[in-house]
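Please examine the sequence and the structure shown below before reading further.

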Amino acid sequence: MSIPAASAKATSQHALPSYLNPEHHGPWGIYLQQVDRVTPYLGSLSRWVETLKRPKRALIVDVPIELDNGTMAHFEGYRVQHNTSRGPGKGGVRFHQGVTLSEVMALSAWMSVKNAAVNLPFGGAKGGIRVDPKTLSRGELERLTRRYTSEIGIIIGPTKDIPAPDVNTNEQIMAWMMDTYSMNEGATASGVVTGKPIALGGSLGRREATGRGVYTVGQEAAQHIGLDITKAKIAVQGFGNVGGIAAKLLAQAGATVVAVQDHGGTVYNASGLDVPNLLKHVDEHGSVQGFENAEVLPDEQFWGVDCDILIPAALEQQITAENAHQIRARMVIEGANGPTTPEADDILHERGILVVPDVIANAGGVTVSYFEWVQDFSSFFWSEDDINARLVRIMREAFAAIWQVADENQVSLRTATFIVACTRILQARELRGLYP
Ligand code: NAD
């Protein structure tokens, strides 16, 4: 039986791709709900909101490598460019066994929001490979990185889309990515990635930038709620680049880091963990497990620890409707991307716990990535003091503007950040118009 033309048209209009369904489970569904919450505040720009609900471009790549034992392994990799209305795509690359297309789509969208929230001239992008890099040798990791870079080479570039480190990727991986892209292009292209080693055009201060940003907005937010950060008790989930540095800076300022959880377990000391020694321990042993001068807590008890500030700095969907009731902190600073589900967000809001959302709290990394990109283009490098001062100024100004929007509209800081960011993205969209 043939379908009449009219109903065929209706079908094509209404059969939405599954990723447009806000009930889509996982990080992308959470992002869609966040966009729905902000839409009423976008005024006439809301007619463009659909543009935020679809990634501009999503590339899935097969990444085959030869393992050290001579056999072949295939890994699935992604690069998603969510929006490029305000500039080239920008966002990290994650190597993790849990990476999915939904996750990378959400992370790319949060990068669009984050970059616009701090007013960087970038769109949002993200990449990843579904792999547990801890199971690979150094040679296998290099081959994986190089093949992935080559596969996504058709859409990345210094003026198109600029990757950076994220979970389980670091300066060395950025160096291999830069080299692979440069070999394929026939010219050294430092600006194709950020978070590179200093010797290859990396920026001073980049490694610490995300943690420093978490610390800076934490300080600003604490002032607003009358909390003295130098006397605060802190619990941190994730003790890598973001959580480790944020904990170090907070401890240096006088705060007491009482609990740290990572993939290996949870350590606790009511009178304060020795953060520099804990960092050293993690460096040597790979996780907090086995650290002396600390109690070991069952992982689920981490959320109920007595503290003033809780910093999730590991993965998405960690604070949920199940554990949000246990949280005793006055403030949650999201070092990780997407650590709080919308249901948990509501519970924390009702309980009067301030949430400083990822899209502003962890924007320090991409801000110094922007500085790195600018320095690479001009081949002129700034001092670390200069970089840190500019970072702190941008973070403080962005936070103040977002606090004001939250206050004026009586909305959460997350919705306020989305209002500021989505307005900027959609203004750019409207000014550029639709091609053709
Ligand atoms: P990382 O690889 O340096 O550290 C990740 C940490 O999370 C490790 O301590 C690991 O043990 C811990 N972890 C992993 N699985 C866990 C689990 N199931 N339970 C508890 N802890 C677990 O990564 P990172 O760069 O610090 O990134 C952490 C988060 O911050 C991610 O959400 C990332 O997207 C976000 N982020 C990173 C940057 C950056 O510049 N690196 C910038 C913005 C946002």
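The domain bounds used here come from an automatic or database domain assignment. On that basis, the chain is divided into domain 1, residues 5-187, and domain 2, residues 208-352. The model is a predicted one.

The C-alpha centres of domain 1 and domain 2 are 27 Å apart. Domain 1 brings 15 residues to the contact, and domain 2 brings eleven residues. Between the two domains an area of about 1000 Å² is buried, and carbon and sulfur atoms give 51% of this area. Within domain 1, three residues deserve attention: Ile-30, Arg-37 and Trp-110 supply 40% of the area that this domain buries against domain 2, more than any other three residues.

The ligand may be considered next. In total, 22 residues surround the ligand, and the closest are Asp-166, Thr-210, Phe-239, His-263 and Asn-337. Sorted by class, the shell consists of seven nonpolar, eleven polar and four charged residues.

Some of these surroundings can be described at the level of atoms. A polar atom in the side chain of Thr-210 lies 2.7 Å from an oxygen atom of the ligand. In the side chain of His-263, an N or O atom is 2.6 Å from an oxygen atom of the ligand. The elements that give two or more residues to the shell are helix H6 (206-224), helix H7 (241-252) and strand E7 (256-262).

Two details of the backbone remain. Most residues other than glycine have a negative phi, and most peptide bonds are trans. Against this background, Asn-293 has a positive phi, near 60°. Asn-293 is located in the loop between helix H8 (275-285) and strand E9 (295-297). Pro-436 belongs to the segment after helix H13 (413-432).

Methods. Residues are numbered from 1 along each chain as its sequence is written. This is a predicted model: local features need pLDDT of at least 70, side-chain atom pairs count only at pLDDT 80 or more; totals for chains, interfaces and linings use all residues. Side-chain values use heavy atoms; hydrogens and water are left out. A residue is near a molecule or strand if one of its heavy atoms lies within 4 Å of it. A polar contact is a pair of N or O atoms within 3.5 Å; within protein, one must be able to donate a hydrogen and the other to accept it, and residues adjacent in sequence count only if both atoms are side-chain atoms. Helices (H or I, at least four residues) and strands (E, at least two) are DSSP runs, numbered from the N terminus. Ala, Val, Leu, Ile, Met, Phe, Trp, Tyr, Cys and Pro count as nonpolar, Asp, Glu, Lys and Arg as charged, and the others, Gly among them, as polar. Contact means heavy atoms within 4.5 Å. Buried area is the accessible area (1.4 Å probe) that two parts lose on being put together, summed over both.
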